[in-house]
Amino acid sequence: MSAEAQGATLVAEQFDDFEQQKHADTFGMWLFLATEVLFFGGLFCGYALYRSLYFEAFTAGSHLLKIGYGAFYTVLLICSSLTMALGVRAAQLRRPTSLTVYLALTWIMGAAFVYIKLRYEWYGDYVEGLVPGLHFAPHGEALEIINRFHATLPHLSLFFIFYFCMTGVHALHMVVGVGLLTTLLIFTRQGKNTQGNYNWVEMVGLYWHFVDIVWIFLFPLLYLIGGRY
Amino acid sequence: MSTVALESPPTLPEVHYLNADYGWRSWLFTTDHKRIAWLYLFAITFMFVVGGLSATLMRLNLIEPSGLLFEPASYNKLFTAHGLVMIFFFLTQSIPTVLGNFLIPIMIGARDVAFPKLNLLSWYIYMLGATVFIISLATGGIDTGWTLYTPLSTTYANTNVLSATMGIFIAGFSSILTGLNFIVTIHKMRAPGMTWFRLPLFIWSMYATSVIFVLAMPVIAITLALIALERVWHVGIFDPGLGGDPILFQHLFWFFGHPEVYILILPSMGVISELVAAGCRKRIFGYSFVAFSSVSIAAISFMVWGHHMFLTGQSVYAGLVFSALSFAVAIPSAVKIFNWTATMHKASVSYDTPMLYAIGFIGLFTIGGLTGLFLASMGTDVHLHDTYFVVAHFHYVMVGGAIMGYLGGLHLWWPKMTGRLYPEAWARFAALLVFVGFNLTFGPQFILGYVGMPRRYAVYPAEFQVLNVLSSAGASILAVGYVIPLIYFTWSALKGPIAGPNPWGAKGLEWTIASPPPTHNFEQTPIVTEEAYAYGPEEAHVG
Amino acid sequence: MWYGFPFHPEQASSIAPEWDYLFYFLTALTVFFSILIFGLVFYFAVKYRRREKNEVPPQNEGNLLLELGWTIIPAGICVFIFGWSSELFMRTQRAPAASTEVFVVGKQWMWKVQHPEGPREINQLHVPMGVPIKLTMTSEDVIHDFGVPAFRIKKDVVPGIYSTEWFTATKTGEYHLFCDQYCGMGHSHMRGTVVVMKPEEYERWLSGQMNVKPMAAEGERLFGQLGCNTCHPGEGKNSGPPLQGLFGSQVKLQDGKTVTADEGFIREAILGPQAVAGYPALMPTFQGQMNEEEVLDLVAYIKSLGPPAERKATKP
């Protein structure tokens with residue numbers, strides 16, 4: 001069976017051929033990512049505005065974040081992007097075993113990100129009283145940092161609102177991404193992604209890279225900025 | 001040849017998309033873009049009735065300066081419901097999801113949209129959002145105005161802000177997916193020979209609209225999410241008491257809000273181009289200018305949001321830029337008006353209902369657009385801002401423009417959608433009623449605004465009564481004008497005379513196939529060799 | 001006029017006639033183009049009506065010159081209107097230096113007005129005719145909007161900031177005052193009256209108000225009551241900056257920015273203090289401890305402490 005004939009059975013009825021379907025799928029994904037940029041854009045705008053208004057509080061906020069976590073996530077996500085890209089390559093080359101391995105590695109790194117974020121970083125923030133709305137009463141060392149920068153608590157809470165919104169929406173995207181990877185793994189086990197139609201792998205790949213890139217913006221904007229080099 | 005064909009009475013095709021399959025499953029699980037259009041038509045007609053009823057009650061209440069029927073608390077919920085329903089659950093969907101869904105694949109010569117399942121998913125998401133919203137209304141309603149300004153909506157309102165915004169939030173994703181689907185369809189699914197400059201102008205305007213869907217809707221989604229967050233956890237994102245900035249909300253809201261206004265009017269402009277071409281049997285004058293004006297309106301619409309905020313204390317220099325850009329967006333709109341008018345020159349103008357709506361649109365949109373200049377210019381906006389002048393202006397655009405286009409489009413393509421004709425005399429009469437009723441409703445509101453009556457007033461000083469009564473009288477005529485089509489369309493769908501494939505003698509791929517079309521639209525993928533609206537004799541189009 | 005068929009709001013301010021000229025011009029433009037388009041559409045619709053069922057008219061691609069014409073001419077008209085209206089707007093935004101000040105606080109759902117001389121009013125504003133009046137406004141809760149149709153003025157009243165607008169009334173009488181920004185349940189009841197009086201009558205009205213204390217005096221009382229005077233005489237190690245002659249001067253902040261000490265700055269400094277260069281950041285916030293009217297009293301007191309010129313003289 002030729003590749004074209006095999007591909008043809010995978011073409012949905014509204015398309016003329018596999019090529020058209022692939023282009024449509026990829027283009028649709030890029031458009032979806034454009035909407036995502038705008039979605040995050042509102043948050044970035046609000047963050048930029050309040051940062052310029054309440055400089056001290058936002059600097060203090062950056063100093064209250066654990067930079068080690070941020071750096072670790074960054075390494076984790078960059079590595080997961082690499083394995084995802086290798087996975088797409090494996091799907092194109094029709095290698096089910098290496099595709100499964102790469103997808104699984106990506107899955108593990110994604111899940112680790114979410115788990116560490118919830119279990120350690122956010123829980124730590126909660127204990128320290130840095131979660132506006134739930135438990136916002138900084139004490140101990142945190143209070144010293146706040147006083148050092150002459151930050152006021154309402155303004156500091158604005159920083160943390162944006163911190164939790166931005167990283168929260170990002171983490172939500174990671175959860176969706178891990179879910180997508182799970183489906184991909186099941187499909188791969190059924191032998192679906194390595195018979196010429198690698199669209200799904202490629203599109204999840206695009207999504208995954210996008211979510212990683214968002215983190216690449218979030219990390220300096222939230223953790224690194226503010227005079228802590 | 002053609003005379004012979006006309007003499008034999010047209011018949012319905014044996015198998016078409018409506019009778020290809022029966023049962024509720026074949027509708028609720030359909031991926032056929034034409035059936036999905038019907039699903040939307042039923043849903044949004046219901047929402048239109050909800051929004052229309054609340055408008056009727058508002059106009060009734062305003063007959064008396066002290067309020068005829070309601071306390072201010074109830075009146076506030078009525079106008080909020082009217083605005084939110086009409087904007088987020090009727091107008092946003094109207095032309096794109098009904099006419100757009102039905103026509104885009106056919107007009108470009110495709111079997112379906114690029115992602116049919118996603119298309120159905122959009123409908124379900126819309127239904128979920130609409131259901132949540134209706135429940136929110138039924139269990140108490142929301143009283144913040146459709147603009148949801150903070151800190152009123154986040155801190156001070158005690159109504160169902162959370163559930164109502166959730167409904168809108170959900171429905172927004174339906175629009176994002178519809179826009180995404182349309183853009184990919186128009187890019188990737190065109191038939192061989194259907195180049196960009198052979199596309200009907202309706203497709204151009206739907207393309208521009210879809211771009212706005214994709215780029216503006218996510219912003220309102222995140223903004224509504226922030227409102228919800230602030231309400232649930234009592235944090236101070238927009239509350240000045242906690243360091244937040246209430247004006248930031250307005251920036252985010254109008255960054256979505258003004259493009260949204262063009263989501264409502266651009267599709268209608270596309271429909272009018274089709275109505276004028278079909279009604280005049282003529283190629284649209286200055287095709288490429290009309291096409292590019294749609295795209296430039298979409299592009300500039302993202303840079304004018306600050307003209308809603310001249311009086312909030314935003315920097316005067318920012319105001320200057322926003323004012324200038326708002327004038328800039330007026331020019332492509334004017335170009336369209338002039339081109340439609342010029343198309344009618346030396347044409348063969350029919351008096352069929354769709355053309356009557358098109359003529360009504362051109363006139364009313366001219367007034368709606370020109371009165372926009374009063375609000376784009378900062379000097380005059382100072383006095384007219386938040387008065388009935390604004391209400392009149394945007395209803396001339398939204399009702400006189402968008403709804404006229406929607407109704408005109410429904411009348412033009414109804415024979416294609418159902419295979420049947422509607423009673424022409426009744427339809428013309430209804431079109432006339434809509435035109436007269438509309439002007440009587442909203443014309444007096446310009447004067448009301450000029451003499452200073454603020455919008456969203458449940459009670460008002462006695463000297464405004466005469467004009468308010470006039471306006472309410474007009475609204476009753478308008479309401480009758482909307483009910484008549486509801487009745488004769490229902491009748492026509494069941495018992496109307498058979499239309500045949502091309503009752504108007506119009507050009508375009510949709511008129512080359514049977515009415516109603518078969519499930520996959522075309523027996524064979526059509527090959528397009530001529531430009532849009534090629535009405536002239538064949539020789540004229542060589543080279 | 002009141003109970004008749006209103007076509008025209010009263011012209012009762014110096015801006016109103018100018019505003020009306022622009023409005024008339026735009027109206028004339030709208031009427032002209034509407035008649036032109038309606039006229040052409042109806043004329044074409046009648047003249048070129050379809051006479052036979054299968055008629056096909058001659059086709060026409062368009063005309064570049066016409067397209068350019070109806071792009072450039074409207075653009076020119078727009079530039080003209082833009083220039084005219086922006087110039088008018090800029091003038092309505094800057095109050096003349098010699099304005100009489102009045103302070104306004106919006107609150108769900110009433111207007112509270114304070115005159116520097118002391119009188120306080122609710123939903124009423126008495127002003128003398130022929131004198132520029134500058135309103136400094138803020139809100140206790142949601143966004144309101146102070147609009148007087150007869151004066152053709154309107155401005156949002158936003159919580160957390162001071163906004164200003166000004167007018168010179170030119171006609172005695174009583175005029176509507178509306179809240180134009182939807183502000184919740186009682187929005188349509190948030191109305192009042194602006195009473196324009198002849199200057200001498202206004203003086204009589206002012207002096208006829210019983211038991212009033214000027215705002216600055218009320219502010220001075222608060223200044224003592226809240227203990228501001230323990231840190232703000234301007235001496236000693238832990239003292240705050242002196243307030244004598246502060247208003248209108250340039251203030252250098254700890255983070256290096258320089259700002260003008262206007263009403264908004266003083267309000268900010270009281271409610272959310274920022275360190276001023278050269279002084280320790282010890283001042284507590286007074287957010288939540290006083291309402292907007294009391295803040296305005298304090299602002300009035302600090303303003304009464306003298307102009308910036310004196311401050312320069314006392315500097316070493």
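**Starting from one valine**

Author: Happy to. Val85(B) lies in helix H4 of chain B, which covers residues 72-108. Keep in mind that this is a predicted model.

Reader: Is Val85(B) buried or exposed?

Author: Val85(B) counts as buried, because it has 26 C-beta neighbours inside 10 Å, and 20 or more is the cut-off for that.

Reader: And what is Val85(B) in contact with, leaving aside its neighbours within four places in sequence?

Author: Met47(B), Val50(B), Gly51(B) and Phe90(B). There is also Ile44(B), which is 41 residues from Val85(B) in sequence and 9.6 Å away in space, C-alpha to C-alpha.

Reader: Thanks! Let's move to H8(B). How far apart are the end C-alpha atoms of that helix?

Author: They are 48 Å apart. Helix H8 of chain B runs over residues 201-233, and its 33 residues should span 48 Å at 1.5 Å a residue, so the two values agree.

Reader: Where does the kink in H8(B) lie?

Author: At Ala216(B), shortly before the proline Pro218(B), and the kink is about 30°.

Reader: How many residues of H8(B) are buried?

Author: 27 of the 33, so H8(B) is largely enclosed by the rest of the structure. Just after the helix comes His234(B), with a positive phi of about 50°.

Reader: Speaking of positive phi, what about Asp386(B) and where does it lie?

Author: Asp386(B) is not a glycine, yet its phi is positive, about 60°. This residue lies in the loop between H13 and helix H14 (388-418) of chain B. Asp386(B) is also buried, since 22 other C-beta atoms lie within 10 Å.

Reader: And Asn521(B), what is its phi?

Author: Positive, about 65°, although Asn521(B) is not a glycine. Its place is in the segment after H16 of chain B. With 23 other C-beta atoms within 10 Å, Asn521(B) is buried.

Reader: What covers the buried residues of H2(C)?

Author: The cover includes H11, H12 and H13 of chain B, together with helix H1 (15-47) and strand S7 (153-157) of chain C. The buried residues of H2(C) include Trp70(C), Pro74(C), Cys78(C), Phe82(C) and Phe89(C). H2 of chain C has 30 residues (64-93) and reaches 43 Å from its first C-alpha to its last, close to the 44 Å expected at 1.5 Å a residue.

Reader: Staying in chain C, at what angle do H4(C) and H6(C) pack?

Author: At an angle of about 100°, with their axes 7 Å apart. H4(C) and H6(C) are therefore roughly perpendicular to each other. Residues in H4(C) including Met215(C), Leu222(C) and Phe223(C) meet residues in H6(C) including Leu296(C), Leu298(C) and Tyr301(C). By class, that contact has eight nonpolar, one polar and four charged residues.

Reader: Last one: how many helices and strands does chain A have?

Author: Eight helices and two strands, and along the sequence they follow the pattern α-α-α-α-α-β-β-α-α-α. The C-alpha atoms of chain A fill a box of roughly 75 × 30 × 30 Å along the principal axes. Of the 229 residues in chain A, 40% are buried. Among chain A contacts between residues at least 6 apart in sequence, 76% join residues at least 24 apart.

Terms used
Residues are numbered from 1 along each chain as its sequence is written. Chains are lettered from A and ligands numbered from 1 in the order in which they are written. This is a predicted model: local features need pLDDT of at least 70, side-chain atom pairs count only at pLDDT 80 or more; totals for chains, interfaces and linings use all residues. Helices (H or I, at least four residues) and strands (E, at least two) are DSSP runs, numbered from the N terminus. The expected span of a helix is 1.5 Å times one less than its number of residues. The bend at a residue is the angle between axes fitted to the seven residues ending there and the seven starting there. A residue is buried if 20 or more other C-beta atoms lie within 10 Å of its own, exposed if 12 or fewer, and partly exposed in between; C-beta atoms are placed from the backbone. Axes are lines fitted to C-alpha atoms, for helices over the stretch in contact, and angles run from 0 to 180 degrees between N-to-C directions. Angles under 35 degrees count as roughly parallel, over 145 as roughly antiparallel, 65 to 115 as roughly perpendicular and the rest as oblique. Two residues are in contact if their C-beta atoms, placed from the backbone, lie within 7 Å. Ala, Val, Leu, Ile, Met, Phe, Trp, Tyr, Cys and Pro count as nonpolar, Asp, Glu, Lys and Arg as charged, and the others, Gly among them, as polar.
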